[in-house]
Amino acid sequence: MTSATQSLPSSSEPLVPLHRQSGFLSFLLSRLAAVFAMQIQAIVVAWQVYDITRDPMALAYVGLAQFLPMVLLLLPAGDFVDRFSRKRILQLSWVVQGLCSALLLTLSLNGSQSVSGFYAVLALFGAARAFTGPALQSLLPNIVPRAQLASAIALNSSIMKVAVILGPLLGGILYGLGGGSLAYSVCLGCFIGALLLLLPVPIRYVEAAKTLESTAIKRFTAGIRYIRYQPIILGAISLDLFAVLLGGVVALLPIYAQEVLHVGPEGLGALRSAIAVGALLMGLYLGIRGIRRRAGLVMFVAVTVFGIANLVFAFSTFFWLSMVAMLVAGAADMISVYVRTTLIQLATPDEMRGRVNAVNMLFIGSSNELGEFRAGSMAAWFGAVPAAIIGGIGTLAVVGAWMKIFPTLRQVDRFDDAR
């Protein structure tokens with residue numbers, strides 16, 4: 001296992017402030033650039049595909065095209081992340097995603113009116129994301145000391161929301177100014193910047209190498225076996241999966257923007273950004289105060305608020321009310337992400353982080369991409385508003401069921417209880 005050959009620094013080594021940890025800021029900036037690219041690209045592709053087809057099912061296929069290759073490759077990707085250089089794997093995955101931006105730029109310049117080319121590029125993009133997620137999640141604990149990991153997670157998550165806030169807004173503006181070609185050019189530049197910023201980041205906090213399972217199948221499934229016997233982690237991951245799978249409304253935003261709220265691409269970008277504004281504000285609060293007690297109960301309350309906020313959005317015909325609902329949903333989702341991510345990182349040994357994070361990303365990918373497919377297909381069958389209402393009710397039902405199925409998660413007090 002070549003990615004874990006260094007020893008951890010002595011626990012008596014004095015801690016420097018998080019922002020002065022060697023390579024931490026450069027890592028944040030590199031990830032920020034990549035997230036900017038992904039957010040701009042996501043909103044432009046969705047708008048462009050719907051503009052070409054005017055078919056809600058086309059939006060469902062946008063999510064499915066990315067999900068299928070990602071779900072097939074995540075477990076092997078987790079094994080690669082635990083065996084080879086996590087930093088190098090992340091660099092290579094961003095190279096492929098930059099290539100996807102270049103291909104989308106080519107399709108736009110050629111004025112393509114066929115969505116099949118867009119789906120093919122998104123499939124390649126999903127394959128690259130299978131390696132990006134586990135590498136990113138496993139790399140952060142190798143850059144900052146364990147004692148500062150929870151704060152680093154909150155700060156990292158909140159800073160990323162800057163891109164999630166500004167990315168959709170910028171994507172809508174760029175599309176309005178120069179169409180898809182201008183937006184995809186900016187995405188390509190962001191991926192190049194991310195690669196350059198990642199180069200000087202040192203890998204300092206890595207545990208000594210351990211012998212991995214003998215066969216590929218055992219290595220691929222080690223993360224699943226580990227999570228299976230960790231009911232707190234299993235409950236947290238699956239709660240997030242089904243809540244977002246059923247209650248997410250992101251895929252419906254282009255329809256709401258055009259047909260319910262009657263706003264243009266700038267309004268669509270504002271709705272996407274409102275989610276991120278709520279998450280950013282909550283992330284900054286968590287970075288300062290954190291969650292010290294009753295972490296499990298706080299997570300259940302947050303997912304409940306997420307479902308209620310999505311129901312308010314589903315019924316709203318006022319742009320300002322829809323913005324407030326998305327703001328609250330983003331804040332609630334940030335709490336859930338913070339609790340889940342901290343539980344996983346603190347409870348997982350370093351030599352298994354790649355595989356455990358791959359399973360986590362599999363659940364996240366399932367909730368996001370399959371959630372988009374669920375929302376788009378239900379919108380095609382029943383209409384966008386009924387699809388959003390059914391999803392919000394489903395989220396609340398999941399919270400009630402999971403409180404009974406996973407009582408250990410509900411009873412978690414401090415994060416270290418997950419060990």
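In the predicted model, Arg-340 is in contact with Ala-236, Ile-237, Asp-240, Met-299, Asn-360 and Ile-364, when neighbours within four places in sequence are set aside. Arg-340 itself is found in helix α11, which covers residues 319-347. With a relative accessibility of 5%, Arg-340 falls under the 20% limit and therefore counts as buried. One of its contacts, that with Asp-240, includes a polar contact of 3.0 Å between the two side chains.

Asp-240, Ala-236 and Ile-237 are contacts of Arg-340, and their positions fall in helix α7, which comprises residues 231-247. The 17 residues of helix α7 should span 24 Å at 1.5 Å a residue, and the end C-alpha atoms of the helix are 23 Å apart, which agrees with that expectation. Of these 17 residues, 13 are buried, so α7 is largely enclosed by the rest of the structure.

At least two residues of the patch are supplied by each of α11 and α10, the latter comprising residues 295-315.

At the level of the whole protein chain, the model contains 14 helices and zero strands. The pattern read along the sequence is accordingly α-α-α-α-α-α-α-α-α-α-α-α-α-α. The chain has 419 residues, of which 58% count as buried. Among contacts with a separation of 6 or more, 88% are between residues 24 or more positions apart in the protein chain. The accessible surface of the chain comes to about 16300 Å², and carbon and sulfur atoms account for 68% of this area.

Definitions and conventions. Residues numbered from 1 in each chain as written. Predicted model: local features only at pLDDT ≥ 70, side-chain atom pairs only at ≥ 80, totals over all residues. Heavy atoms only, no water. Helix = DSSP H or I, 4+ residues; strand = E, 2+ residues; numbered from the N terminus. Buried < 20%, exposed > 50% of the residue type's maximum accessible area, 1.4 Å probe, protein only. Polar contact = N/O pair within 3.5 Å; in protein donor to acceptor, adjacent residues only side chain to side chain. Contact = heavy atoms within 4.5 Å. Areas by Shrake-Rupley, 256 points an atom, 1.4 Å probe, with all protein chains shown as cover. Expected span 1.5 Å × (residues − 1).
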